[in-house]
Amino acid sequence: MQTQLTLFEKPSVTMPDLKVSRSGTFVDNIALPVHRWFRYSAGFAAQWVEQVLQEWGIGHDSIVLDPFAGSGTVCVVCDALRIKSIGVEAHPIVARICKAKLLWKTPVDPFADFAAQVLKSARTQKARTSDYASLIRRSFDEDSLAVLESLKTAWSSLQDQSPESELVWLALTAILRPTSKAGTAQWQYILPNKTKKKVAPPLLAFQQQIELMKSDMRWMQSRAEQSRGQIIAGDARSMAVIMPKQVDAVITSPPYANNYDYADALRFEMTFWGDVNGWGDIHDKVRKHLIVSSSQHSSRERLKLEDLLETESVAPIRDELRQVVHKLAIVRESHGGKKHYHTMIAAYCRDIGLVLQELRRVCKQGARMCWVIGDSAPYGVYCPIERWIAELAVAAGFEQHHFEKLRDRNIKWKNRKHRVPLKEGLLWIEG
C-alpha cells in the first residue's frame, strides 16, 4: 500500500480492490489520488461512495450532500464523477482541508512554482522555535522543527489566498505528523511521550508531498474539467438557510456517540499554525461548534439533562432515551471519573434530530440517504443509536429505513471497560 509520502512519477490510474466490509473506513483512501492529501481518522471508502452513487443512478445534474463532510471524501468522489456536491463541516481546520482538496483544478505549474518559492525562501529564514507551545516542542526534534518553522514563515510571507498558496498550506499541514517523532494514537490523538522509529526529514517530506499532489492534480484534471463541489464551513443543525432545497442524495457519517473528541483530533496541526494556544482554546474555537459527542463537550457546556429531554427534536424517542440516560446518571456515580455520558447521549440525540429535520428541508421528496453509523455503550449502558436515528428520520418526514451491519465492534480490546457487543453499519433511509 502506498503512503502519503510516496513519489509518483506518473499519474496513478488504478483503484484498489475494495471489500464491502471496509466501506466504513478511510483506510483505502490513502492510496487514492486527492483523497490521500491528508489522512483523517474519520471517514469511509471513496470507492464505496462511487458504487452507491452509481447504484442510485445519481446523474450530473443531481446534488449530493454530506452534512458531516470531514476531509471531503464524498465531494472528491463527486468531482471525479462530475456530479454536483455540497459538504458541510463545522470543524474549521477540517473544513479548510476539505476546501483545499477541491482546488485540484488549479494549474499544476503555478502550484509547483509557488511551492518552489516557499522552499527557496525557507532556506533564507532564520528559524525561531522557542515560541512554540510545549506540545509542538515536545513532538519534534529541534532541527526538524526549525525546518518546519522556516517553511511556515516562508509560506506566511508569500501566501496570497490564491489556490496555489492554499494547496501549499495543505502540503505543509499534511507532513507535520510524518515528520514528528511523536506517536499518534488511534483516532489521531498525538502522543508526545511516545516516540516512533520512522521520522521523515521535513524538506524531503515537503518535496515529496508536492510531487504527490502534482501527480494527483494531473490525474483528476484528466477526468473532470472543474470541481462541482461546494464546502460550507458551518453547522449541519442549521444548514437549510444556506443551501438549495434540491438535494437528491445524502451520504454521510456523523460523529459517533462514543466519547471521541473530534475537536481534539487536529489540535496538533492547529497548535503548529497558531490557531490554538492550548487545550483551553479547543472548546471555544472548535468543540462548541460541533454536535455533542464527547463528555468533555457536555460537561463544559454544563448541559441540564431534563432540559435536553424536553427539546422537541428528541420527542419521537423521548421515553426510551429518558430511561437510558437516567440509568447512565445513576451508573456514573459508581465510577471515579463521573463522566457526563448521560447529558452527552441526550445532547447527541437532540443534535442528530435537528440535523435530520434540516435534511428533510433540503432534500427532495424521494431522496435517498446512507449513514455510516455505530451504536454506543458508555459505562456499559447500551444506546441503540442507529435505531434512534432511524426513528428520528421517520419523525422528520422520511419514509423507509433499514440497517445493514458491516462489522462488530468492541471485540478486540483486551482492556476494554465493558463487554457490551457493538456494531457498525449502514443505515439506509428513503423518502
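## A salt-bridge network

In this predicted model, a network of salt bridges links Asp235, Arg237, Arg350 and Asp351. Across the structure, the count of salt bridges comes to 22.

## Salt-bridge pairs

Let's look at a few individual pairs. Lys214 and Glu211 share helix α8 (residues 202–221), where they sit 3 residues apart, about one turn of the helix. Their closest N and O atoms are 3.0 Å apart, forming a salt bridge. Lys214 counts as buried because its relative accessible area is 14%, under the 20% cut-off.

## A positive patch on the surface

Turning to the surface, you will find a patch of positive charge where Lys288, Arg300, Arg302 and Lys304 gather. Lys288 belongs to the loop between α10 (279–285) and α11 (295–300). With a relative accessible area of 40%, Lys288 is partly exposed.

## The overall fold

The protein chain contains 15 helices and 9 strands. Its C-alpha trace spans about 65 × 50 × 40 Å along the principal axes. The radius of gyration is 22 Å, which agrees with the value near 22 Å for a compact globule of 431 residues. Of those 431 residues, 57% count as buried.

Terms used
Residues are numbered from 1 along each chain as its sequence is written. This is a predicted model: local features need pLDDT of at least 70, side-chain atom pairs count only at pLDDT 80 or more; totals for chains, interfaces and linings use all residues. Side-chain values use heavy atoms; hydrogens and water are left out. Patches are made of residues with over 30% relative accessible area and no salt bridge: like charges are joined within 9 Å, nonpolar side chains (Val, Leu, Ile, Met, Phe, Trp, Tyr) within 5 Å. Accessible areas come from the Shrake-Rupley method with a 1.4 Å probe; for residues, only the protein chains shown count as cover. A salt bridge is a side-chain nitrogen of Lys or Arg within 4 Å of a carboxyl oxygen of Asp or Glu. Lys and Arg count as positive and Asp and Glu as negative; His and the chain ends are not counted. The place of a charge is taken as NZ of Lys, CZ of Arg, CG of Asp or CD of Glu. Helices (H or I, at least four residues) and strands (E, at least two) are DSSP runs, numbered from the N terminus. Buried means under 20% relative accessible area, exposed over 50%, partly exposed in between (1.4 Å probe, protein chains only). The radius of gyration is taken over C-alpha atoms; the globule rule is 2.2 Å times the number of residues to the power 0.38.
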